[in-house]
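I'll jot down what I looked up as I go.

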Amino acid sequence: MNGLVKGRVDIRKTLISLVLIGIVEFIAFYMFIPAINISSIGFWFFQGVFVLLFFLTTFTAKSNDVLGYNILTKIVGIAMVVAVVLVIVGSFFSAKIFNASKYASLIEVEEREFAADTPSAEKTVNDIALMDTASAKVVGQRAIGSLSDVISQYEIIKSYSTIDYDGQPMKVASLGYAGFFKWFNNRDKGVPGFVFVDPVKFEARYQKLDKAIKYSPSGYFNDNLYRHLRFKYPTYIFEGYYFEVDNEGNPYYICPVIKPRVGLFGAFDVKGAVICDPCTGDCKYYKVGDIPNWVDRVYDGDLATRKYNWYGTLKGGFINSIIGQKGCKMSTDDYGYKVIDGDVWVYTGVTSVIGDQSNVGFVLINARTCQAIYYTIAGAEEYSAMDAAEGQVQNLGYKAAFPSLINIDGEPTYFMVLKDKSKLVKMYAMVNYKKYSIVATGTTQKDALSNYKKLLKTNGIVKGISEDMYKTKQTEVASIRYIDLSGDTYCYITDGEGSVYKQLFAENESLIFIKEGDMLNVTYEESEDRINQLISYDKINN
């Protein structure tokens with residue numbers, strides 16, 4: 001009789017323990033919101049903690065005389081062992097050593113010719129987006145700095161998304177609550193707007209929304225975007241969330257959903273995306289092939305380059321990737337985003353696996369479709385080019401941002417901005433991809449381009465570059481001025497017709513002999529704003 005009572009007490013204690021652990025687990029789930037998915041390592045860890053807690057609680061109880069109690073304990077113990085074995089076995093058979101060809105086949109790479117596929121950027125050099133996220137943060141902060149009701153309660157969320165907005169490259173970021181108490185005081189109002197940053201003009205503007213954002217990564221409890229998504233899609237494994245704006249100016253969060261393509265835990269890849277309206281909370285899931293064209297970013301740069309690296313290193317087999325490494329290639333350490341024909345592309349250089357500080361080519365990967373295009377061009381690795389550009393202005397201490405690769409007269413060219421300590425753009429630089437000792441800088445894009453063209457001609461890389469593109473004119477000097485720009489002195493010559501001819505004084509110190517009233521025969525590169533780049537001049541005897 002005493003044993004029966006003791007058994008009932010122990011079973012009651014076990015049930016109470018089970019209920020309490022269940023309550024704690026629900027609270028922990030609400031806090032940490034893991035995916036309920038067997039392919040998520042986080043799920044196994046989360047569940048394992050509470051199963052282990054229950055097992056330890058029941059194992060330490062003195063209840064060996066209760067058959068049911070012992071059976072429950074054994075079931076829990078067996079479940080733990082099975083789970084551990086499943087994770088180990090699943091990880092083992094998902095490994096690259098057994099599935100090299102599957103990993104390599106997750107992306108198709110098309111090879112193209114750079115010069116034929118990429119139009120020359122001479123006429124559009126002023127329209128190339130070069131701003132990086134660090135500079136966008138500085139410029140974006142200025143857009144809300146004068147809005148006292150905004151800046152006191154909200155802050156710009158750290159991550160900026162590069163998008164195509166009505167045919168133009170743009171960086172966007174939502175505002176977020178500046179801490180728990182700011183959320184508590186403003187949760188009924190929501191987040192009032194977001195920031196556009198033009199990466200070409202280096203301008204920003206604040207966009208106030210008619211209907212405020214309710215679900216934000218900076219929100220707490222049920223106002224948190226990720227928690228909102230988790231309760232709608234408890235089994236989905238999300239690969240982050242990216243703020244975007246459609247062409248009508250409506251804000252959305254694009255939330256890629258990933259799954260393993262190999263085994264239980266191997267080769268995670270995008271299977272679709274949830275598009276969430278943060279103002280209303282409405283969500284809709286799209287398979288990867290059905291995602292609307294206005295969406296720009298489904299594949300993050302990390303995932304896109306990881307897929308390319310699987311292709312580049314494993315297409316010859318796992319053993320070859322370790323021994324011999326014949327034909328093995330991988331992306332360089334960083335990447336950027338480029339807007340081309342209405343789509344956002346991930347750009348990165350490609351180098352051999354031995355890491356010799358040079359590129360064998362570069363790859364563009366569509367951030368929505370994961371279409372990959374590879375260009376075979378041997379040249380300088382991005383950071384080598386950045387170092388070369390910084391070396392030209394080492395006296396000023398400017399730092400180069402990650403470059404964009406453009407075509408100048410058939411020559412692949414790194415184009416980048418040079419920033420001061422405040423992350424503000426001060427100059428532009430062009431570095432030849434094949435020969436990174438050829439470096440040109442300028443305070444404007446056109447200045448950098450003009451100086452770069454001269455270097456190409458001087459070094460014999462491009463011949464016949466000047467006569468067809470430059471104009472010659474006889475003109476009278478109306479005024480001449482010398483202006484300092486970012487540490488360099490420029491000479492500005494204005495003629496009687498109001499046209500201006502500009503040249504860096506250090507390139508041609510004979511400019512000091514020009515006086516008002518002189519007649520000159522000038523060779524120049526014409527500009528639409530009538531501030532033309534002076535190439536050379538000859539004085540005409542009066």
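Predicted model: local features only at pLDDT ≥ 70, side-chain atom pairs only at ≥ 80, totals over all residues.

Which element gives the largest share of the lining of the second largest pocket? I found that H13 does, with 6 residues. (Helices, H or I of at least four residues, and strands, E of at least two, are DSSP runs numbered from the N terminus.)

Residues are numbered from 1 along each chain as its sequence is written, and side-chain values use heavy atoms, leaving out hydrogens and water.

Back to that pocket. I read a volume of about 650 Å³, the space filled by probe spheres set on grid points joined across faces, edges and corners. A pocket here is an open set of points on a 1 Å grid over the protein atoms alone, where a 1.4 Å probe fits, with protein on both sides within 12 Å along at least five of seven lines; lining residues have an atom within 4 Å of a point. Among its 23 lining residues, Lys446, Glu525, Glu526, Ser527 and Glu528 lie nearest the centre.

Next I followed H13 (residues 445-458). I looked up the closed barrel of 5 strands, S22-S23-S24-S26-S25, with mixed pairing; strands pair if DSSP finds at least two bridges between them. H13 packs on this sheet, touching S23, S24, S25 and S26 (contact means heavy atoms within 4.5 Å).

Last, the pairing of S22. I saw it run antiparallel to S23 over 8 bridges, with Val477 opposite Asp495. S22 also pairs with S25, antiparallel over 6 bridges, and there Thr475 stands opposite Leu520.

Note on methods: Axes fitted to C-alpha atoms, helices over the stretch in contact; angles between N-to-C directions.
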